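The exercises below ask you to read a structure one element at a time, and each is followed by a solution that goes step by step.

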Amino acid sequence: MVLPADLVKNTLGGGVTGAFAKLKFGRKAVRTDVVGLDVGDATTRVVRLMRLGDTSTLVAADLLPPVELPSDETGEVRPAPLLLPKALRARYAAVAVTSPQACIRLLSVPAGTDNNRANLNFGFFMERMGLPEGSAHRIGYEIVSTENRDQNVLAVSLPERQTRWAVSLLPQGIPAPYSLQVSGAAELNCFSRELTAHHGDAPAIFMQIGSDVTHVAAFYKGRLAFYRQCQLGSHAIVRTIQEKLGIEEKLVPGALEDDLIDASAPIAAAIEPLLRQLVLVREFVERKRTCRIEKILLSGSLLGTKYWNEPIVKVMGIVPATWNPLDTLPCQPGALAERVKGNESRFASAMGAALAVLEMES
Amino acid sequence: MTYHVDLLLDDERRIASPVNMRLVLRVGGVVVAGISLLFIVTLFAKGRDAKFQSEAAQAQWARLEPQFKYLMELRTARTELRASSLLMESFRRTRLPLGDELAALQAGIPADIQLQSLRITQFAGKQKTSTIATRSYELHLTGKLTGDDPKESVDSLIACLSSPAFSNRVEAVSVPNNGFRKETVRKTPAGEPRTVWFFELNCRYRPRSFE
């Protein structure tokens, strides 16, 4: 649910196309061919999903050059149109924006009456999400679950400039933007499906490491039970290792993948803040839900993953598994481009965004 | 459970069409403007053309008008004359050619018959199947004769009236009641009585229509 436009500052007018779209979009038509785009990070991740009957299939996936996310400064947001290869050109697009300024919170609010629902307004979310007063953000929320007298609301916000920027990446023709999501929320969608399909109701922690932000989510009985955003990502890890080993930044990935040096100590030091978050999440969920976390799945920009297991096992007592989001769905032969190999774990947001559209109408 | 927090506004949604609607609108606008301009130019050119044609036609009319009026007068006169001619022709058709009738009667009447009177009556009527006026004639003959066989002479006269010289026009010939009778008169110088036969004949002609 997007908050009413009159409460959102600096929203663009729809114009002729928008008015026409209002007539045509009843949200009734079934979208069966959707491309999921994850933009704003070091690479642009693109997946194309198609649904035939009840089965969704991964048709194509590719990594494209990055498109630069606009800063918070004022100025016109007019990026060059995003040109997709033919194999990835679906009719509709679900765009997920990876932004350090995006804010995601799992809020607990009183449930039930219409009055309570009326309280879920722009000011409420601005305050609860800690957004600076007067800033132009677009805010949306989804009620995730209702327990006793409380309901868990997943609220997301994105700077207005970045939402306009994301929409203007696809200014005309196909694909047409059909959904705009924040990456951290979109990947929850993909992970939720993975849990349902392969892990049952096992309490699990999902960690998605991005370039600048890491998302940690805990699921209990298949539902989101806790969510946390850490302003620490692979860039910070690379910088730490660079300082510890004294090598150039661009040599860090190669050094971590080779066995030439032992990077376990620098890695452990670099991911230490993430480990603290993991512990916090585990303790919160286990105490509140009276359960034991059974699985930890990692995805995203996993540099030197082989050095991660030991420190994680040390603090969590569980061996983490690397999760490939592209395995969530059946995959057509030749769907994955050569560039994708080795980077499969980065596609959780793109997959989640596309799945949200496909499953929204199924 | 789907975690779908959609930040897209309805105004930002658009139809997934490979055709750029903005471009289509622009091209459409240019085409419509072009067609409108062409229409206006064509209209203007046709207007000028029509004006020239009108002026030429007026000049031609001014030149031809006296001739036209004279022609119309001639036509009216011709129509009136034709109507008069038709009227006269219809009158002519209803007229009985009395000269021919009398000549034929003179030629065909037996020598022993002496005609005493001949009266032709004319009456107006209408055709049985339509409202067209007709003119009918009836010839009334009286005469006398002597001789041994007067009946034969009268029959001969009737046959004459029924002959082709009359038959095209004569419908019926009849002898009225008491139309053939004898009288005895003193006529001889010796004062001897003499038998004279008197007869009457009605000869009805076919109606002649004004058609």
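**Exercise 1.** In this predicted model, find which exposed residues are carried by the face of helix α9 of chain A that is turned away from its buried side, and then work out how the buried residues are arranged around the axis of α9(A).

*Solution.* Begin with the face of α9(A) turned away from the buried side, where you will find the exposed residues R276(A), V279(A), E283(A) and R287(A). Next, list the buried residues of the helix, which are L274(A), Q277(A), L278(A), V281(A), R282(A) and V285(A). An α-helix has 3.6 residues a turn, so residues three or four places apart point the same way. Looking down the axis of α9(A), you will see that its buried residues fall within an arc of 135°, and therefore they line one face of the helix.

**Exercise 2.** Compare the reach of α9(A), from its first C-alpha to its last, with the span expected at 1.5 Å a residue, and examine the phi of T290(A), just after the helix.

*Solution.* Helix α9(A) covers residues 272–289, which makes 18 residues. From the first C-alpha to the last, α9(A) reaches 26 Å, and this is close to the expected 26 Å. Just after the helix, T290(A) takes a positive phi of about 50°.

**Exercise 3.** Describe how strand β1 of chain A (residues 33–39) is covered, and determine in which sense it pairs with β2(A) and how it runs relative to β4(A).

*Solution.* First consider the covering of β1(A), which is mostly covered, since six of its seven residues are buried. Then turn to β2(A) (residues 44–52), with which β1(A) pairs in the antiparallel sense over six bridges; in this pairing, L37(A) has V46(A) as its bridge partner. Four residues lie between the two strands of this hairpin, and G40(A) takes a positive phi near 105° there. Finally, β1(A) and β4(A) (residues 92–97) run parallel and are joined by six bridges, with V39(A) standing opposite V97(A).

**Exercise 4.** Identify which residues touch the most other members of the largest nonpolar core, and which helix gives the most to this core.

*Solution.* The largest nonpolar core has 99 residues, and those touching the most other members are V34(A), A93(A), A94(A), V95(A), V156(A), I205(A) and A354(A). Helix α11 (residues 348–360) of chain A gives the most to this core, with nine residues.

Note on methods:
Residues numbered from 1 in each chain as written. Chains lettered and ligands numbered in written order. Predicted model: local features only at pLDDT ≥ 70, side-chain atom pairs only at ≥ 80, totals over all residues. Buried ≥ 20, exposed ≤ 12 C-beta atoms within 10 Å, placed from the backbone. Pairing = 2+ DSSP bridges. Core = buried A, V, L, I, M, F, W, Y, C linked by C-beta atoms within 7 Å. Expected span 1.5 Å × (residues − 1). Arc of directions from axis to C-beta.
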